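Subject: A structure for you to look at

Hi there,

Here is the structure I promised to pass on to you.

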Amino acid sequence: MELVAIIPLDAIYQAARFFMFFRMLKLWGILPRFLKPVYVVLKTNGLEKLLIFAVILIFLVPIPMILIEP
């Protein structure tokens with residue numbers, strides 16, 4: 001259904017985006033149940049700091065590359 005939703009050909013295909021919205025709502029409701037155990041494991045092992053550092057690096061490292069290479 002997601003493949004159909006990204007095809008901008010007709011209004012019928014655009015209506016498929018409506019169903020994608022409901023799927024996202026369902027995921028939003030289920031997500032906390034699965035993220036809580038992952039967060040507990042990260043917290044007990046001290047890996048949340050490493051994960052935060054890695055995410056920050058992913059966003060900061062490309063900045064000098066963009067500035068150097070026009």
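Let me start with a definition: a residue is called buried when its relative accessible area is under 20%, exposed when it is over 50%, and partly exposed in between. Phe22 has a relative accessible area of 44%, so it is partly exposed.

Before going further, please remember that this is a predicted model. The protein chain has an average pLDDT of 81, and 77% of its residues score at least 70. Which elements have the lowest and the highest mean pLDDT? Helix α1 (residues 2–5) is the lowest with 57, while helix α3 (residues 47–60) is the highest with 91.

Now for the overall picture. The protein chain contains 4 helices and 0 strands, which gives the pattern α-α-α-α when you read along the sequence. Of the 70 residues in the protein chain, 6% are buried. The chain exposes about 6700 Å², and 79% of that comes from carbon and sulfur atoms.

Next, have a look at the phenylalanines. Phe18 sits in helix α2, which covers residues 11–45. Together with Phe19, Phe21, Phe22 and Leu25, Phe18 makes a nonpolar surface patch of about 550 Å². How many aromatic pairs turn up in a search of the whole structure? The search finds 1. Its partners are Phe21 and Phe22, arranged edge-to-face, with 5.9 Å from centre to centre and 65 degrees between the planes. Both of these residues also belong to the nonpolar patch.

Lys43, at 47%, counts as partly exposed. Leaving aside residues up to four places away in sequence, Glu48 touches Leu42 as well as Lys43.

Happy exploring, and write back whenever you like!

Best wishes

Methods:
Residues are numbered from 1 along each chain as its sequence is written. This is a predicted model: local features need pLDDT of at least 70, side-chain atom pairs count only at pLDDT 80 or more; totals for chains, interfaces and linings use all residues. Side-chain values use heavy atoms; hydrogens and water are left out. Patches are made of residues with over 30% relative accessible area and no salt bridge: like charges are joined within 9 Å, nonpolar side chains (Val, Leu, Ile, Met, Phe, Trp, Tyr) within 5 Å. Accessible areas come from the Shrake-Rupley method with a 1.4 Å probe; for residues, only the protein chains shown count as cover. A salt bridge is a side-chain nitrogen of Lys or Arg within 4 Å of a carboxyl oxygen of Asp or Glu. Helices (H or I, at least four residues) and strands (E, at least two) are DSSP runs, numbered from the N terminus. Buried means under 20% relative accessible area, exposed over 50%, partly exposed in between (1.4 Å probe, protein chains only). pLDDT is the predictor's confidence in each residue, from 0 to 100. Contact means heavy atoms within 4.5 Å. Rings of Phe, Tyr and Trp (its six-membered ring) pair if their centres lie within 6.5 Å; planes under 30 degrees apart count as stacked, over 60 as edge-to-face and the rest as tilted.
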